[in-house]
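This briefing is meant to be read beside the sequence and the structure.

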Amino acid sequence: MTEPKATPEHTVTQAAVCFSGIILTIATGLMAFGISLHILLLAALIWTGLHAAFIGLSFAEIRQAMTDGIVRGMGAIYIFLLIGLVIASFIESGAVAVLIHYGLSILTPEYFLPVGLVLCSVMSLSTGTSWGTVATAGVVLLGIGSALDIPLPIIAGVVVSGASFGDKMSPVSDTTNLAAMSAGTTLNQHIRTMMLTTVPAYLLALGLFTWMGMSFSSGQWSAEPVRAIQQGLESTFVISPWAMLPVIVMIILSQRRMAPELVMLISIALACTLAVFLQGANLADVLNSLQHGYKSHTGIENLDNLLSRGGILNMMWTLSLSLIALALGGLLQHLGFVYTLMLGILKSIRQTWSLMTTTIVTGIVTNMCVGEAYLSIIMGGQIFKEKFKEQKLDNSMLSRCLEEGATLTTGLIPWTTAGLFYSATLDIAVVDYAPWALFNLLNPILSILLAITGFTILKAKPQPVPEAA
């Protein structure tokens with residue numbers, strides 16, 4: 001991670017003006033005028049570039065900082081492309097169709113929301129990836145839920161909540177390990193400390209989803225549309241448990257800590273093989289769908305809209321926006337404006353609850369500025385580590401706050417890599433599903449409230465004093 005540029009002109013006032021301009025540009029453009037997010041982020045990038053030029057950076061330095069930001073996000077870009085292939089190949093193989101078909105036979109409207117939350121939680125805990133969970137279980141749950149007449153934004157909120165729970169708590173999750181490393185604590189201690197706030201927030205979200213699900217009573221819906229969707233799937237795909245093999249392989253390989261890119265490539269190859277030999281698809285058509293996406297022709301409009309997705313081309317909107325967001329994040333990180341603002345604020349912090357609240361809020365703001373939870377976690381660890389030690393707090397308290405501020409909120413911001421991915425995969429705008437991502441919203445709020453009351457605060461254990469020789 002490159003150190004921020006330090007210049008005499010690099011003041012708190014200028015950092016605040018720069019951040020205010022970025023947030024105002026994006027918020028006003030989206031909410032008041034409906035301007036494309038690409039254009040708004042580009043305007044924010046130009047605004048930040050002008051600040052960089054004002055404090056003395058050359059155009060070459062500005063361009064290099066933007067390039068560095070894109071390079072640091074290449075892992076996400078690779079996954080963007082591969083996820084498009086995963087979705088198309090899994091639909092071609094019949095895996096998505098089989099899971100929807102079986103799900104419609106089991107789930108009822110009143111239990112759909114809590115069961116969906118638990119399903120996504122278990123999958124993300126097992127694999128350690130929220131993106132993989134959204135791209136597989138999320139797409140399936142959308143298909144089942146739409147057949148049960150449950151609003152799609154609510155379903156997306158359930159999916160994101162469950163996927164985020166595992167991404168935060170799984171010992172094989174990259175953000176879980178990164179937060180522990182950044183704070184200087186062990187993985188096990190980090191997870192144990194997170195449970196103090198995560199478990200109550202999760203149970204509260206589960207209870208609310210269960211209560212909401214009761215309003216979708218099975219007595220208020222007809223089985224005829226559900227049966228029509230099942231018949232549409234049966235007429236297009238071979239409904240066989242063998243079709244679920246790519247999903248099972250993906251889960252097993254993810255648990256064995258194999259690189260996600262390799263996991264996806266193996267699953268894609270297996271799904272394409274099943275598409276040819278199980279579904280009887282033409283190999284050339286299967287390979288072309290990896291580029292253009294699967295096109296469904298069941299004759300059922302809702303089902304065709306759900307299944308017509310995936311492919312590289314369908315990820316291009318998300319990919320192009322990600323490139324602009326990563327360039328903006330790279331420039332902001334190089335300027336060090338986050339450091340400038342936070343170091344000024346740290347001097348006035350005296351109480352534990354205000355330190356924890358500031359750490360969580362900083363994670364949210366950093367996500368909004370750099371567009372990536374990984375950078376938010378690393379930067380938060382660097383900024384607040386000494387202050388947590390000064391207040392004699394256990395290092396796992398810092399790692400917990402980093403996850404609650406960065407990991408849980410990144411999917412609720414439209415221009416972060418996670419927000420872009422979830423929106424593109426589920427085909428639902430972030431602003432539509434964010435109010436229903438109850439776990440992501442409740443966990444940070446509950447953590448701040450508990451910090452104010454003094455509960456769940458862990459102090460650092462005193463180090464033994466070595467005896468004199």
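Does Asp149 count as buried or exposed? At 56% relative accessibility, Asp149 counts as exposed, where buried means under 20% relative accessible area, exposed over 50% and partly exposed in between, computed with a 1.4 Å probe on protein chains only. The model is a predicted one, in which local features need pLDDT of at least 70 and side-chain atom pairs count only at pLDDT 80 or more, while totals for chains, interfaces and linings use all residues. Residues are numbered from 1 along each chain as its sequence is written, and side-chain values use heavy atoms, with hydrogens and water left out.

**Confidence**

- The mean pLDDT of the protein chain is 83, and 93% of its residues reach 70 or more; pLDDT is the predictor's confidence in each residue, from 0 to 100.
- Over residues 1-9 the pLDDT stays under 50, and for this stretch the model has 21 contacts beyond four places in sequence, a contact being heavy atoms within 4.5 Å.
- Where pLDDT is low, the predicted coordinates should not be read in detail.

**Pockets**

- A pocket is an open set of points on a 1 Å grid over the protein atoms alone, with protein on both sides within 12 Å along at least five of seven lines, whereas a cavity is a set of points where a 1.4 Å probe fits but cannot get out; lining residues have an atom within 4 Å of a point.
- Grid points are joined across faces, edges and corners, and a volume is the space filled by probe spheres set on the points.
- The largest pocket holds about 800 Å³ of space and is lined by 39 residues, of which Ile79, Thr129, Asp174, Pro260 and Tyr374 lie nearest its centre.
- The lining of the largest pocket comprises 20 nonpolar, 14 polar and five charged residues, with Ala, Val, Leu, Ile, Met, Phe, Trp, Tyr, Cys and Pro counted as nonpolar, Asp, Glu, Lys and Arg as charged, and the others, Gly among them, as polar.
- The second largest pocket holds about 380 Å³, and of its 17 lining residues Leu30, Pro414, Trp415, Val430 and Val431 lie nearest its centre.
- In the second largest pocket the lining divides into 16 nonpolar residues, one polar and no charged; α1 gives the most to this lining, with five residues, where helices (H or I, at least four residues) and strands (E, at least two) are DSSP runs numbered from the N terminus.

**Cavities**

- The count comes to two cavities of 30 Å³ or more.
- The largest cavity, with about 50 Å³ of space, has a lining of four nonpolar, seven polar and no charged residues, and α18 (352-370), α19 (373-390) and α20 (395-407) each supply at least two of the lining residues.
- The second largest cavity has a volume of about 30 Å³ and is lined by Ile87, Phe90, Ile91, Val96, Ala135, Thr136 and Val139.
- Two or more residues of the lining of the second largest cavity come from each of α4 (74-93) and α7 (130-147).

**Packing and burial**

- The largest nonpolar core has 88 residues, of which Phe112, Leu113 and Phe421 touch the most other members; such a core is a set of buried Ala, Val, Leu, Ile, Met, Phe, Trp, Tyr and Cys residues joined through side-chain atoms within 4.5 Å.
- α4 provides the largest share of this core, 12 residues.
- A second, separate core of 55 residues includes Met342, Leu393, Trp415 and Ala451.
- Helix α9 (residues 174-183) is mostly covered, with seven of its 10 residues buried, and these buried residues pack against α8 (152-169), α10 (187-213), α19 and α20.
- Ser267, in helix α13 (residues 260-277), is buried with a relative accessible area of 0%, and leaving aside neighbours within four places in sequence, Ser267 is in contact with Phe90, Pro246 and Met250.

**Backbone geometry**

- Most residues other than glycine have a negative phi.
- Asp149 has a positive phi of about 65° although it is not a glycine, and its place is in the loop between α7 and α8.
- Lys392, likewise not a glycine, has a positive phi of about 55°; Lys392 lies in the loop between α19 and α20 and is exposed, with a relative accessible area of 59%.
- Gly184, which follows α9, has a positive phi near 80°.
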